[in-house]
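I opened my notebook to look at how this chain is put together. I took the core and the sheet in turn.

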Amino acid sequence: METVTENIQTTKPKWLKVKLPIGQKYTELRGLVDKYSLNTICTSGSCPNMGECWGEGTATFMILGNVCTRSCGFCGVKTGRPETVDWDEPEKVARSIKIMNIKHAVITSVDRDDIKDGGSIIWMETVRAIRRMNPQTTLETLIPDFQGIERNLDRIVEANPEVVSHNMETVRRLTREVRIQAKYDRSLEVLRYLKEKGINRTKSGIMLGLGETEEEVFQTMTDLRNANVDVVTIGQYLQPSKKHLPVKEFITPEQFAKYEQFGIELGFRHVESGPLVRSSYKAQKHIL
């Protein structure tokens, strides 16, 4: 078993340095986002891949507000009592996608454990609104676990986006610390259930650098493949603030390449593995 390094690096290595986004497509979309005050995770999360994704006509939108009912140790989203549901949000998101002329949209959300349906009705209505207003746009939904409640997951199945993603985030041993209110096996069951119910393409993501071992990453990837997950993304965890979990290790590009090769050998349809990879990185490829 590979041991975790005890020497925590405090400065980012050179392979984590990002070029400023450029290009005509990026400039056009940035102008539209600013002009119409559109809300994308790409901008609010300062994603390192924003220029590349926007250049491909892909963008990520967050629904159900910006306050989460969970308090995960890795996530920069605010925790607390969310605002009431905005039932006009599905149309607003669909309109944003139309204004930006997005080819492939990724939709995500905070956890809404305060709502009986977990927010799944808004999820379903958002997919339907996007389909009505943007019939040529393909969709990925990066969903919460909905506490594993099948009737809530069934609404996602009924909406039938091209890709449904739910992130494991970390290995089994670290789940309680990293995803305080989540459960490793519940997330696996959500992914397995979605596939069994007919979702064409399922996907999950893992962050590295939280103290996991190589063997644990291999096991998590194997667990995902055994749940018939088609796509896996693997990237470097970066600490959002001093209040969040510290980075224990900066994983080298060579180690990410090793995980990519292992994933290909396991039989994943797509493996995105690298320091700057995020959940929606190269998302437009994952429908193929």
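First, a term I needed: a nonpolar core is a set of buried Ala, Val, Leu, Ile, Met, Phe, Trp, Tyr and Cys residues joined through side-chain atoms within 4.5 Å. I also noted that the model is predicted.

**Entry on the cores.** I looked up the largest nonpolar core and found 38 residues in it. Those with the most contacts inside it are Trp54, Ile97, Met100, Ile107, Trp123 and Ile143. I then checked which elements give two or more residues to this core; among them are helix H1 (24–36), helix H4 (89–100), strand E4 (104–109) and helix H5 (120–133). H5 supplies the largest share, 6 residues.

I picked isoleucine 107 and asked what it is in contact with, leaving aside neighbours within four places in sequence. My list includes Phe61, Ile63, Val93, Ile97, Trp123, Ile130 and Leu142. A second, separate core has 31 residues, including Leu208, Phe218, Val247 and Tyr259.

**Entry on the sheet.** I read the strand order as E1-E4-E5-E6-E7-E8-E9. These 7 strands form an open sheet, and the pairing is parallel. Which strands are at the edges? They are E1 and strand E9 (270–273), and each pairs on one side only. From one strand to the next, the twist averages 20 degrees.

I zoomed in on one pair. Strand E7 (residues 201–208) and strand E8 (residues 231–236) pair in the parallel sense over 6 bridges. Leucine 208 stands opposite glutamine 236 in E8.

Last, I returned to H5. This helix packs on the sheet and touches E1, E4 and strand E5 (138–142). The direction of H5 makes about 165 degrees with that of E5.

Key. Residues are numbered from 1 along each chain as its sequence is written. This is a predicted model: local features need pLDDT of at least 70, side-chain atom pairs count only at pLDDT 80 or more; totals for chains, interfaces and linings use all residues. Side-chain values use heavy atoms; hydrogens and water are left out. Buried means under 20% relative accessible area, exposed over 50%, partly exposed in between (1.4 Å probe, protein chains only). Helices (H or I, at least four residues) and strands (E, at least two) are DSSP runs, numbered from the N terminus. Contact means heavy atoms within 4.5 Å. Two strands pair if DSSP finds at least two bridges between them. Axes are lines fitted to C-alpha atoms, for helices over the stretch in contact, and angles run from 0 to 180 degrees between N-to-C directions.
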